[in-house]
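Here is a friendly tour of a helix pair and a sheet. Please keep the view open as you read along.

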Amino acid sequence: MTEQKRLGNLLLEAGIITQKQIDVALSVQKVKPQYLGEILQSLDFVTSKEIAEVVAKQQDLLYIDLDEVHIEPDALRLVPKEEALIRNLIPVRVSDEFLTVATTDATDKSSEAYLIQQTNRKIIYLICDKEELSSMIELHYYQLDNPIEKRIDNMITLKHEDVDIVELLNLIIHNAIKSRATDIHITPSSDIVHVSYRIDGVLKHSFAFGIELDPKIVSRVKILSNLDISEQRLPQDGGFIFNFLNQEYDLRVSTLPTSEGENLVLRILSRKTSLLGLNSLGLDAESLLAMQKVFSKPNGMVLVTGPTGSGKTTTLYSALREVDALSRNIITVEDPIEYRFSFVKQTQINAKTGYNFAKAIRHFMRQDPDVMLVGEIRDEETAKLAVRASITGHLVLSTLHANSALATIPRLLDMEIESDLLATSLHAVIAQRLVRKVCKECALSVSVEATSLGIDTNESVEIFKASEAGCPHCGHTGYNGRTVIIEILNIDEKLQALISDGASLLAMTNLAQESGFRTMREHALSKVIDGTTTLEEINRVTA
């Protein structure tokens, strides 16, 4: 019990949880005996990553994200997988003198003694996420014994009649998961099928195989997805659950008939995704404070805008963790439900039954809501209902496809929202994109003119440039992981007046800039200056 209280106090002092949440967890503990940390996690009050970060601070060690670390095979070979699982650790790097390991608790003296005896090296500890650690142990030891790329290379050189299609498709998906890909593209050409992965938002060609295998791969995917194998003239959508190393993944499948055959795209969604708060998005202090103020509003409409794949959903649901679900009734309608929250009533649209976003909002009004999250505003009816809900004392959160925060206003007016209602209901718009983070292991330092970064001086500035060759740490791309760039438009009284009067976009833009509106480009440049990303990357995304 002392350990439980200690962890609770640490989380409380760090501002990650509240006393009210601890009280709820303690009441659950009376009927469900577990460690307090486990209960807090099961109630979605805290994530395993947040617990790890608190432990790292307490033990005065560095926290690392294993998903962004290159784990050296030579380090793995020093410690058997069984010992790694038992002792909750994974070897990360090795030198002649030191072995660096990631663990959830560096105070285990028996593990340290074992590692010293086993490797004849001094031990350097890093703290990592417990949930991430178990999956990384499975993945990296699997890859050590069964190199996926080598197995794929061996298979695609066989005669097509000798290829095991089930195994080939499994390996394609295994390789995608290992590479942190979000999408798999299987594209037929005249005599070759190309396999590409979307990693950190960018398509990367991986390998190719003979066209003779294409019908077999397509048929296999269709069987798994319950699609019509005989239908090759029309697009089809489906999906299936895929198991890999004790984890489940949702794969959404889309087929498209082309002149060369059926094109396949498989989107990968992990079923084990923990959602962090707004402070995990990589925002600077000023932007984070502005975002927290936006989502603390008691009513009105807040929209997150951007193209597909820009991280809108993640931002919106991260914001839900800023809302006190114990004292405010939160209801969501989503397509599909991607993150699950305790104390939040979540529903999913169903086209077959006619349950859409608009119908959900109508029914929400009878559920005594304080906060309504609408997955996306897609049509006029949904937009009008969301606006009306926001002016009747509810906080409405949603997403919309728009190129910028200011462009959201004419977009909503095009949906026939009355200008007076829009001016009254819309409280803030957040527009965003995702940019790749430069790999710190192989990044190159270059000197550029300060004016190219929006700095009004003739001096030069040192920034990072991605290595063209890359390194094993980043998969030879020069980049590793992504971060968000944003612009936040607060609708103040002056802007409300312009919206109500039907002013032009130019007039609203000029007013916003006079009020200190910071564009997405300006925010992106600040991330170049602080070394997070590169000038080339933000030009790719924002130019």
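The report below takes the helix pair and then the sheet.

This is a predicted model, in which local features need pLDDT of at least 70 and side-chain atom pairs count only at pLDDT 80 or more, while totals for chains, interfaces and linings use all residues. Residues are numbered from 1 along each chain as its sequence is written, and side-chain values use heavy atoms, leaving out hydrogens and water.

**The helix pair**

The axes of α9 and α10 come within 10 Å and cross at roughly 150°. The two helices are therefore roughly antiparallel (angles over 145 degrees), and their crossing is left-handed. On the α9 side the contact (heavy atoms within 4.5 Å) includes Ile148, Ile152 and Met155, and among the α10 residues in it are Leu168, Leu171 and His174. By class, the residues of this contact are seven nonpolar, two polar and four charged.

**The sheet**

Six strands form an open sheet in the order β6-β5-β4-β9-β8-β7, with antiparallel pairing (at least two DSSP bridges between two strands). Its edge strands, β6 and β7, each pair on one side only. On average, neighbouring strands are turned by 20° against each other, direction ignored.

Inside this order, β4 and β5 run antiparallel and are joined by seven bridges.

| Strand | Residues |
|---|---|
| β4 | residues 181-188 |
| β5 | residues 192-199 |
| β6 | residues 202-210 |
| β7 | residues 236-244 |

Definitions and conventions. Axes fitted to C-alpha atoms, helices over the stretch in contact; angles between N-to-C directions. Helix = DSSP H or I, 4+ residues; strand = E, 2+ residues; numbered from the N terminus. Parallel < 35°, antiparallel > 145°, perpendicular 65-115°, else oblique. Left-handed = near helix turned anticlockwise from the far one by under 90°. Nonpolar A, V, L, I, M, F, W, Y, C, P; charged D, E, K, R; others polar.
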